[in-house]
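Student: I have a structure open and I'd like to walk through it. Can we take it piece by piece?
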Amino acid sequence: MITGAFMVPHPPLIIPEIGRGEEGHIQNTVRAYHEVGSRIAGLKPETIVLISPHQIMYADYFHISPGNIGKGDFGQFRAGQVEIEVTYDKEFAENLGRLAMAGGIPAGAAGERDKRLDHGTMVPLYFVNQYLQEYRLVRIGLSGLSLAAHYELGRRIRETAEVLERNVVVIASGDLSHRLAAEGPYGYKEEGPEYDRRIMEVMGSGDFGKLLEFSEDFCEKAGECGHRSFTIMAGALDRTGVKAHRLSYEGPFGVGYGICAYEIQGRNPERNFMDQYEEKERKRIRELRLREDVYVQLARQTIEEYVLTKRKRKIPEGLPDEMYESRAGVFVSIKKEGQLRGCIGTIQAVRGSVAEEIIENAVSAASSDPRFSPIEPEELEKLTISVDVLGETQKIDSPDQLDVKRYGVVVTKGYRRGLLLPNLNGIDTVEEQIRIAKQKAGIREQEEVELERFEVIRHY
């Protein structure tokens, strides 16, 4: 069973051999870390499950370190003499992988590129090892999957602990925002302090359901590091009563460091945060569908029919005249749980009508986007869909003639051509817009390109 859980940061300079006095500027964090080490020792765990953002990370897979032994040192921080060696709980790791895969969560020991322990693992263990030596480790990385998938992996951790009857402590390693100050490593964004305020409120109270409500766009702008780690830990505490202890928070170097401890209070069925989140999402999608205009309704009906029957629907009767009579490029975008799930479109009209363009591109977005697997029937009720109808492209002489909110951009270099739609979450500058459009076309950032702009009518 899970007997304790801890949220911790991983600044290497907190290690005296690395900080060389600089660690004195974060003494609250140092003191809280020692308290964490002492608390863990008091729980006498057989196994520590440690989740690190700096472990191997894949877009669609959670990596669990395989083997019997893990080793690492702080050589990259000019302190190679500080070494960490751990014994892995191979049985737990293998059972977790099997349980996760059985529950539709892609996780396991495949794809290990680097056996060395990362600093997101070693910093917490540096303090744990001062108080506890006899334990085994399960080391887990993050993925590019949704926050809901991370929470689900946490639920599989809890189930594995129960099946194996292990005394398990979970450590979620992760810094907070890296954008707290202009002089910090990544500069300042207003989302940085706001993220730290919100996350410490959530984690300090143990109200883990709110972790699932942070948008991907907001987290990216805040430059956070540990949100997915915290979400996995929250999943491991699903339906579990906890007493939350906020031990410290500070951010003197432009990076937020928060430490919280969670004291287990037995089972609590009302803390079923994933079930509550999924019900909210179902209600949101139902309400959204009632407001969808006819363009999006056609895209959704097309996607549902194709996914369920593999048949492409014919153009229906009763649509507005302009959908039969006009021709234009169309993009169909599909999102699931806030993340892109498919997007295919045409820059210019290639079919007889906008209606036909929507049908063709909706099928392609659902089944043929090379970045994603085809949509499965059980996903249909979770999808958010938008349709962009493109205006004519217009050649421009300078990026000064672009506006990320109003205009999409087309970049061309020879036969290579890339497009980016306007008014996308996370794209705040023309420079970002052009860079990503080049990237999509396989054009190097420094290459000169021809620019075109276009406007869209976005349908929700």
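Student: What should I know about the model and the numbering?
Tutor: This is a predicted model, where local features need pLDDT of at least 70, side-chain atom pairs count only at pLDDT 80 or more, and totals for chains, interfaces and linings use all residues. Residues are numbered from 1 along each chain as its sequence is written, and side-chain values use heavy atoms, with hydrogens and water left out.

Student: Back to serine 333. Buried or exposed?
Tutor: Serine 333 is buried, at 11% relative accessibility. Buried means under 20% relative accessible area, exposed means over 50%, and partly exposed is in between (1.4 Å probe, protein chains only).

Student: Which residues does serine 333 touch?
Tutor: Leaving out residues up to four places away in sequence, serine 333 touches Gly342, Cys343, Thr384, Ile385, Ser386 and Leu421. Contact means heavy atoms within 4.5 Å.

Student: New topic. How do H5 and H9 cross?
Tutor: Helix H5 covers residues 147–164. The axes of H5 and H9 come within 11 Å and cross at roughly 150°. So H5 is roughly antiparallel to H9. The crossing is left-handed.

Student: What do those words mean?
Tutor: Axes are lines fitted to C-alpha atoms, for helices over the stretch in contact, and angles run from 0 to 180 degrees between N-to-C directions. Under 35 degrees is roughly parallel, over 145 roughly antiparallel, 65 to 115 roughly perpendicular, and the rest oblique. A crossing is left-handed if the near helix is turned anticlockwise from the far one by less than a right angle, and right-handed if clockwise.

Student: Which residues of H5 and H9 make the contact?
Tutor: H5 brings Ala148, Tyr151, Glu152 and Arg155, and H9 brings Phe273, Met274, Asp275 and Tyr277. By class, the contact of H5 with H9 has five nonpolar, no polar and three charged residues. Here Ala, Val, Leu, Ile, Met, Phe, Trp, Tyr, Cys and Pro count as nonpolar, Asp, Glu, Lys and Arg as charged, and the others, Gly among them, as polar.

Student: And at what angle do H3 and H5 pack?
Tutor: About 125°, with the axes of H3 (residues 90–102) and H5 9 Å apart. H3 and H5 are therefore oblique to each other. H3 passes H5 in a right-handed crossing. Among the residues in contact are Phe92 and Leu96 of H3 and Ile157 and Leu164 of H5. By class, this contact has eight nonpolar, two polar and three charged residues.

Student: Now salt bridges. How many are there?
Tutor: The count is 37 salt bridges. Each is a side-chain nitrogen of Lys or Arg within 4 Å of a carboxyl oxygen of Asp or Glu.

Student: Which residue does arginine 282 pair with?
Tutor: Glutamate 279, with the closest N and O atoms 3.1 Å apart. Arginine 282 and glutamate 279 are three residues apart in H9 (residues 273–291), so about one helical turn separates them. Arginine 282 is partly exposed at 28%, and glutamate 279 is partly exposed at 36%.

Student: What about aspartate 238, buried or exposed?
Tutor: Aspartate 238 is buried, at 0% relative accessibility. Its salt bridge is with arginine 239, closest N and O atoms 3.5 Å apart. Arginine 239 is partly exposed, at 27%.

Student: Which residues are linked with them in a network?
Tutor: Asp238 and Arg239 belong to a network of salt bridges with Glu152, Arg155, Arg156, Arg158, Glu159, Glu162 and Asp275.

How values were computed:
Helix = DSSP H or I, 4+ residues; strand = E, 2+ residues; numbered from the N terminus.
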